[in-house]
Amino acid sequence: MDYKKHIAEKLKIELDKSELYGFIETPPNNDMGDFALPCFKLAKIMRRPPVKIAEELASNFDVDEYISECTAVNGYLNFKINRKSFAFSLLLLATITASQISAKGRPFVLTIRQLTLQNLSISDI
């Protein structure tokens with residue numbers, strides 16, 4: 001799943017989606033979100049204050065099965081991915097990969113260096 005592409009396509013703004021994709025970045029602090037759109041670059045293009053752009057985009061953004069939260073903070077538009085959906089996709093991918101490799105008669109070993117799932121039970125997936 002390309003979350004940046006998904007976000008760029010969902011944003012309700014008259015701007016080339018590939019250009020918008022390039023503006024989306026990873027915030028320096030995880031508490032801010034998983035992805036962020038600094039609206040300062042958009043302010044030059046749209047000739048409006050970045051705080052107002054971020055607030056307008058946040059109010060028009062519909063969360064879905066991939067993005068669980070969208071907030072405007074000081075001219076940034078912050079996005080949090082849906083952890084349950086991400087965990088499910090990861091487990092599904094691992095299962096499919098394991099079955100494909102096992103079908104070829106080779107052993108399958110999945111090593112995840114660090115995976116933290118908080119407040120998530122198997123019944124949520």
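A salt bridge is counted here where a side-chain nitrogen of Lys or Arg lies within 4 Å of a carboxyl oxygen of Asp or Glu, and by this rule the count comes to 4 salt bridges. The model is predicted, so local features need pLDDT of at least 70 and side-chain atom pairs count only at pLDDT 80 or more, while totals for chains, interfaces and linings use all residues. Residues are numbered from 1 along each chain as its sequence is written, and side-chain values use heavy atoms, with hydrogens and water left out.

Begin by selecting arginine 48 and glutamate 56, which form a salt bridge with their closest N and O atoms 2.7 Å apart. Arginine 48 is partly exposed at 29% relative accessibility, a class that falls between buried (under 20% relative accessible area) and exposed (over 50%), computed with a 1.4 Å probe on protein chains only. Glutamate 56 is also partly exposed, at 36%.

Next select lysine 10 and aspartate 64, whose side chains meet in a salt bridge at 3.2 Å, N to O. Because lysine 10 lies in helix 1 (residues 3-10) and aspartate 64 in the loop between helix 4 (50-60) and strand 2 (67-73), this pair ties together parts that are 54 residues apart in sequence. Helices (H or I, at least four residues) and strands (E, at least two) are DSSP runs, numbered from the N terminus. Lysine 10 is partly exposed, with a relative accessible area of 22%.

Finally, select aspartate 62 and lysine 12, a salt bridge whose closest N and O atoms are 3.2 Å apart. Aspartate 62 lies in the loop between helix 4 and strand 2 and lysine 12 in the loop between helix 1 and helix 2 (17-23), so the pair ties together parts 50 residues apart in sequence.
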